[in-house]
Amino acid sequence: MIVVENLTKSFRLSKEQKKEKDAPARADHVDAVADVSFSCKPGRIFSLLGPNGAGKTTALRLIATMLRPSSGRISVAGFDTVKEAGQVRRHIGFLTGATGLYERLTPTEMIDYYGRLHGMEPALLEKRKGDLFRLLGIKEFAGRRIGKLSSGMKQKVSIARTMIHDPQVLVFDEPTVGLDVITAKSIMQLIRQCRADGKTVIFSTHIMGEVSLLSDDLAIIHRGRLLYNDTYDAFIREMKAKSLEDEFIRRVEEA
Amino acid sequence: MKLLTIIFRKELKDMLRDRRTLFFMIIMPFLVIFLIFNLSMRLGRDMEKRAQEKELQVAVFSAQPLPAFIKLLQTKEKVKIDTRVSRTEINQAVNDGRLDFAISFPENFSENIDREGTNEVPVYYKASTSENEQALGRIHKVLEEYGKQLLNLRLEKKNLAAAFVEPLRIDDRDVSSVREKIGQRLGGMFPYFFVIFCFLGAMYPAIDLAAGEKERGTMETLLVSPATRLQIVVGKFLVVTVSGIFTALTSVLWLYLVFRQSKTVPAEVLSGILKVIEWKSLLLLFSMIIPLCAFFAAILLSASVFSKSYKEAQSIITPLNFMVLIPVLIGIFPGIKLNAATALIPILNISLATKEIIAGTISPLLMVEIYLVLVVLAALGLIFCTRWFNREAVIFRGV
């Protein structure tokens with residue numbers, strides 16, 4: 001479970017940023033996330049939707065303990081992200097569009113590394129690695145250096161890295177960006193499988209198609225603020241525009 | 001501790017697979033040392049040999065014939081006497097290379113000799129031709145011998161012994177031991193190698209392990225792992241330090257091997273050096289490399305953590321390369337000695353201590369002071385690096 005309460009994250013503006021057109025005069029900071037509250041429950045997929053620069057990545061980095069909130073509170077799997085950051089990281093799997101892989105290691109070495117960092121016992125690590133490699137079709141290139149793999153293969157290794165310690169909570173930050181259709185589909189299947197396994201899943205995207213295929217709960221964020229936070233079904237019922245894209249644009253423009 | 005070990009081992013494995021790092025750790029020290037000792041010393045030696053063996057084109061001008069001088073010149077040196085050039089053409093002939101040297105005895109040379117006077121004898125040559133600059137000594141030798149002959153004639157005429165013109169003969173007696181002499185010469189050169197190679201060996205791993213990780217997107221996934229920021233920083237710091245130490249040791253090994261193979265350094269000189277430098281001195285020298293590399297690792301890693309990208313890290317770190325050389329160079333200046341004050345200045349203290357360790361004159365107290373200074377600076381650097389690593393504005397700069 002992820003619970004976000006009155007979350008705000010402020011960043012100090014640099015001189016160059018202050019000169020930008022839409023920065024308020026004399027402002028020395030900007031709220032990338034402003035007073036945001038939502039919760040993600042186990043066995044459900046929570047989609048965080050928003051245009052570029054809306055604050056999606058910042059929100060996910062706060063959940064993943066990479067950033068500290070300026071105010072508010074986040075709890076992940078029952079642990080506070082500030083006071084119990086280490087515990088949070090043990091229960092979380094984080095996947096981004098950038099694969100975050102070490103090019104000079106092989107997939108086997110990469111997964112072993114992250115498994116050991118998560119304190120997995122060798123026997124369990126071997127079993128889990130074997131299962132994931134079979135499931136994702138990594139076995140055939142498990143001994144090849146990651147730098148020599150295609151982007152689809154790399155993404156599979158990223159998924160394995162995210163899942164190796166069987167985390168309760170999964171955070172996906174635009175996981176399909178830049179991927180081909182087949183690989184993107186396999187990511188979405190994985191996300192569905194995580195839901196089926198009772199995990200808490202939050203993923204950010206700006207692709208409406210993914211939202212419609214995956215979401216149980218939906219939040220729209222724009223300029224750091226939540227414009228919508230309810231179930232996906234409720235969103236569809238309340239739609240005034242003809243399509244999801246149009247409805248999203250309408251809500252953003254009205255804000 | 002367990003997580004730290006896991007991070008260290010993985011970073012070490014990753015680093016050893018980076019061709020650029022391996023080049024700087026192993027190949028570059030060899031190339032630099034080989035080029036310095038073999039090529040440049042051989043070039044210098046060949047040039048000197050050419051200068052010594054070259055047949056010199058020499059013109060001698062005098063109002064009266066000087067058969068004694070001409071005979072001496074032709075007997076003692078490999079020369080070809082040129083009689084075609086006139087006095088008025090001397091400058092031109094030397095400038096355009098028709099003559100290597102022109103010796104112009106003054107018009108009243110013989111009269112001056114008879115009057116027991118002194119003659120100023122201009123020797124024309126072109127210093128910008130390096131061979132001739134080296135060959136000048138050959139002409140001076142002949143002239144000095146001729147001068148001695150003339151002096152002996154004067155002394156014979158006056159029935160005086162040769163000692164008459166030499167009331168004082170200077171007898172320099174160097175009381176420094178062979179070891180101290182070697183310490184002074186080798187000790188000036190040694191720090192160049194291991195200080196510079198410590199730095200270069202640590203440089204690329206530091207850039208790769210922080211700025212490179214940010215650029216490749218692996219930093220985020222590492223930050224989401226259970227490892228704390230401190231464990232991540234220390235793991236990387238240890239790998240960068242090890243890389244610097246390994247490169248410094250490799251450079252010393254290459255130095256020894258190139259020396260052994262080199263024909264420019266006689267084998268008996270090399271074995272003399274090795275006899276004089278005790279294993280205890282070598283251990284002391286190598287022990288200084290450890291805190292020095294730790295100090296460099298902390299600085300380099302901090303600069304790399306701050307950088308947005310590999311390229312930015314390189315542009316910040318490359319000027320540091322030259323700054324590291326300055327204290328090493330200062331250590332070579334005469335009059336700069338290792339004392340309680342200079343022992344406080346990092347890198348300079350190592351440069352000065354190296355000479356004294358090889359010479360066997362190092363003070364244990366100063367040695368302790370040097371270790372303390374370097375260890376404290378390395379620790380402060382590591383604390384600074386960790387604080388930097390904890391700053392969101394730094395770690396996510398450019399991400």
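Which residues form a nonpolar patch on the surface, with about 630 Å² of accessible area together? Let's find out in the viewer.

**Before you click.** This is a predicted model, where local features need pLDDT of at least 70, side-chain atom pairs count only at pLDDT 80 or more, and totals for chains, interfaces and linings use all residues. Residues are numbered from 1 along each chain as its sequence is written, chains are lettered from A and ligands numbered from 1 in the order in which they are written, and side-chain values use heavy atoms, with hydrogens and water left out.

**Stop 1: the patch.** Select Phe23(B), Ile26(B), Ile27(B), Leu31(B), Phe34(B), Leu35(B), Leu39(B) and Phe246(B): these form the nonpolar patch. Patch members have over 30% relative accessible area and no salt bridge, and nonpolar side chains (Val, Leu, Ile, Met, Phe, Trp, Tyr) are joined within 5 Å, like charges within 9 Å. Areas come from the Shrake-Rupley method with a 1.4 Å probe, and for residues only the protein chains shown count as cover. Helix H2 (residues 19-53) of chain B gives the largest share, 7 residues, and Phe34(B) is found in this helix. Helices (H or I, at least four residues) and strands (E, at least two) are DSSP runs, numbered from the N terminus.

**Stop 2: a sheet in chain B.** Now colour the strands of the open sheet E2-E1-E3-E4 (chain B), whose pairing is mixed. Two strands pair if DSSP finds at least two bridges between them. Strand E1 (residues 56-61) and strand E3 (residues 101-104) of chain B run parallel over 4 bridges; look for Phe61(B) opposite Ser104(B).

**Stop 3: a sheet in chain A.** Move on to the 4 strands ordered E2-E1-E4-E5 (chain A), an open sheet with antiparallel pairing. Strand E2 (29-40) and strand E5 (79-80) of chain A each have a single partner strand, so one side of each is left without a neighbour in the sheet. Zoom in on Val76(A), whose bridge partner in E5(A) is Phe79(A).

**Stop 4: a salt bridge.** Next, select Lys56(A) and Glu174(A), whose side chains meet in a salt bridge (3.6 Å, N to O). The term asks for a side-chain nitrogen of Lys or Arg within 4 Å of a carboxyl oxygen of Asp or Glu. Lys56(A) lies in helix H2 of chain A and Glu174(A) in the loop between strand E7 (169-173) and helix H7 (181-196) of chain A, so the pair ties together parts 118 residues apart in sequence. By this rule, the count over all chains is 37 salt bridges.
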